[in-house]
Structures are given as structure tokens and as C-alpha cells.
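I open my notebook on this structure and set down, entry by entry, what I looked up.

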Amino acid sequence: MSNTITALTMPKFGLAMTEGKLASWTVPVGQSVQQGDELADIETTKITSSYESPAAGVLRKQVAQAGETLPVGALIGVLADAETPDVDIEAFIKNFHAENPQDAAATQDANAGEPKPVTVGEHTLNVRDVGTHTGTPIVLVHGFGGDISNWLLTQDALAADRRVIAFDLPGHGASSKNVGTGTLAFLAGVVSALLKTLEIEKAHVVGHSLGGGIALTLLRDHPDQVASLNLLAPAGLGKDVNADFISAFVDSESSRDMKAVLQMLVYNKALVGRKMVDAVLRARRLDGARDALHVIAKACFPNGHQADDLRPVLAGAETPTQIFWGKEDEILSVSNASGLPDVIPVTVYEETGHLPQLERATDVNKAIAVFVKDPEAALSMARMDATA
């Protein structure tokens, strides 16, 4: 029986996730699916993501209904052959509940991978440090107004063979709210100090949006600390930025307004759920959070334009670098990626907005993992492709 029946369980998007909400089923009971087909939408506190079928078969039972919030590992449905008797399906469900208490996965290793405060100079940074300590570490730098949850689908996926560190920038998330001058140079200095505090001599730096600008500035100011760059829709490669987004992202106070703002970040607007909206609004209401973002916005995006031109960093650097961008990015146009040195691979994803690490998580994670294993070889391959 177990060979033809597959349990569909609440997935775990990141080690810190303990529960999720079944937002909706995308296929009806009785429909045949292939492995990898979308079965349901799962909403976490950060984003709504699709649940892909782990096997081929027929959706025989929807154990959980839309709107239910369940712990990770809880049974939400059953996949089986069309010929499997209903009585076997019901027996499978009964046995699953008996052998797998729904709260087991949620309580197992509850504290594993939890973020911890780290003192870095005058800052207290919220840091999540996971993975092994064998390969050169990866450091993830999120964008304007974000936090470590922006790497929900990235950090653990990259931690199979190396240490991966995500953290909240000053003024963001659970980190202290002193942002100094708010410039890219100031924030890059904080990243440099964090690496020293964690005793990381050199790291592969992955930066998104403003975090991409910070990563480029880190390479400019502290080149010995950067092993490679993986940049996702990075700031610093053009003058234009969606100024309306920046101001509304900081100042919106109602759920309706914030949802409209957050939907600018993604191509698939359904990815923005109520929990994500509420989480962002709660973060804005923390003491000093809104003021800190105003300082950064004024320093990095004065008069609705980007303050820093970091193209010369890429033009003169030998550090292996690759760039990812969503073709439908509404915040920083993909046109910013044009005219870069030929040795820098640029991957543009169709039907993707400003968050490729969430909308194209599998593709981005695979590309980064391959790149950091041998960045020099990747750079040499890019040079050969450029001259072919």
C-alpha cells in the first residue's frame, strides 16, 4: 500500500519555519499530476509559495482545506494511483496520524538555526549562521526594507557544503536602528566588521537590490574580503529607481496600501499574502525603524535617483561575478544590466520581478551553488564565452 500512496505534507521553506497556511489548492481531487506540478499555495509569514508534487499520481484526498494553518510535516493531502481503493486511502491517513503526530516536525530542533544577536562595534546585528564550516562561507545581504527572511528559500539550500550567514542590516529587522550616514559605504563597513567579528577572512557575497550595492561597495573598499559576487537586481549600476515604491514602502500604514506596494516586488502578485503584509507593517512600527529607512533612502536614493555609480568597480575588478535579474522588475529596471563587461554573466528570468531569489529560487540557488564551488573556473568559462 505504501508503495502506491504518497503523503503530501506541509513543506518547510527554511529551517526556521514551523507552520504554514494552506492558502488554496490549485488542482481538484481526482486530477492526475506529474512530479513537479503545482498542487497548492502555501502561505508563511513572509511569502506565499507553490507546493510542488513530490511524485506522479492522482490527487485522491485533500486532508486539509484552504485557510487551515498547520505545523510543518502535517498531512495536507494524499496522492495515489487511480486504482488504489478508497479504503486503502483512509487506512493510510489513519496510520499517518497515528505514527506522525502533527506537532512532531514543528517541535523537532525548534531552536536549530535560530537567529542570534551579535555585537559588531556599536551595532547589535540579528544573525542566522547555518551550515558546515568546510568551504568558503557565503554571506547574504538583503535589500532596502528587507531582513533575513528575504533569504527564506536561499540560505538553507546553499548550506549543504558550507557555512551560510544571513543577517539584518542596521535599521532593519531585529538589528539595532543606528544607520549612521545611511550610505552604501557606511553599510558596507558594517558588513566588513561583521565578517571580522565572525572570523571570516573571505566570503562569497550574495547581495540583493540595495544589498547588491553594498556588496559592490564592499568589493571596492575591502576587496580582500570578497571571494566572489552574486548580485540579484543590484543597486549601483544605473541612476533610475522606482521612487514611488521607496517612499510608499517606508510610509504606508494600512494593509491595503502596503499590499499594493509589496506587489510591485513580484511578477506573480498572488505571492503577496496577508501574513507578509502584516509582518512588514509590524517591522515598520518598531521604534526607530521608519526613521532609519528614511535616512538610508535619503542617502542612497536622493531626489528619486541612485546616489552611487558602482559600474567602475565591475569594470576594473578581477573578482568572479555573476548577476541575476527579473525581466519584469518594477523597482530597478533590468536595463541597468546592459553594457557591463562581457566576462560578467547576466541571467534574466522571464515573468520575474524584483525578487528572483523567491520567484526563481530553484534556478538561482543552483546557479549560485555551482558558481561558488569554483568561481575562477566560472570566470574563465565566461571569458571564453565572451570571446567565442
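**Entry on aromatic pairs.** I looked up the aromatic pairs and found that the structure holds 4 of them; rings of Phe, Tyr and Trp (its six-membered ring) count as a pair if their centres lie within 6.5 Å, and the planes are called stacked under 30 degrees apart, edge-to-face over 60 and tilted for the rest. One of the pairs is F245 with F249, which is stacked, at 5.1 Å centre to centre and with 20° between the planes. Both residues belong to helix α6 (residues 243-251), and because they are 4 residues apart there, about one helical turn separates them. I recalled the general rule that an α-helix has 3.6 residues a turn, so residues three or four places apart point the same way.

A second stacked pair is formed by F324 and Y349, with 6.4 Å centre to centre and 5° between the planes. F324 lies in strand β15 (residues 321-326) and Y349 in strand β16 (residues 346-349), so this pair ties together parts that are 25 residues apart in sequence. Both F324 and Y349 are buried. I also noted one aromatic cluster, made up of F144, F245, F249 and F301.

**Entry on what kind of model this is.** I note that this is a predicted model, in which local features need pLDDT of at least 70 and side-chain atom pairs count only at pLDDT 80 or more, while totals for chains, interfaces and linings use all residues. Residues are numbered from 1 along each chain as its sequence is written, and side-chain values use heavy atoms, with hydrogens and water left out. The mean pLDDT (the predictor's confidence in each residue, from 0 to 100) is 89 for the protein, and 92% of its residues reach 70 or more. Over residues 103-111, however, pLDDT stays under 50, and the model has 6 contacts for them beyond four places in sequence, a contact being heavy atoms within 4.5 Å. I keep in mind that where pLDDT is low, the predicted coordinates should not be read in detail.

**Entry on a sheet.** Which strands form an open sheet, and in what order? I found 4 strands in the order β5-β4-β2-β7, with antiparallel pairing; two strands pair if DSSP finds at least two bridges between them. At the edges stand β5 (48-52) and β7 (69-71), each with a single partner strand, so one side of each is left without a neighbour in the sheet. Within the sheet, β2 (residues 19-25) and β4 (residues 38-43) pair in the antiparallel sense over 4 bridges, and the bridge partner of K21 is E43 in β4.

E52 is found in strand β5 and is partly exposed, with a relative accessible area of 48%; leaving aside its neighbours within four places in sequence, E52 is in contact with G36, D37 and E38. P71 is found in strand β7 and is buried, at 17%.

**Entry on helix α4.** In α4 (residues 184-197) I looked up the buried residues, and they are L184, L187, A188, V190, V191, S192, L194 and L195.

**Entry on positive phi.** I remind myself that most residues other than glycine have a negative phi. Just after α4, E199 takes a positive phi of about 60°. N303, which is not a glycine, has a positive phi of about 55°; N303 lies in the loop between α9 (289-300) and α10 (311-316) and counts as exposed at 78% relative accessibility. E351 has a positive phi near 50°, lies in the loop between β16 and α11 (356-359), and is partly exposed at 46%.

Technical notes. Buried means under 20% relative accessible area, exposed over 50%, partly exposed in between (1.4 Å probe, protein chains only). Helices (H or I, at least four residues) and strands (E, at least two) are DSSP runs, numbered from the N terminus.
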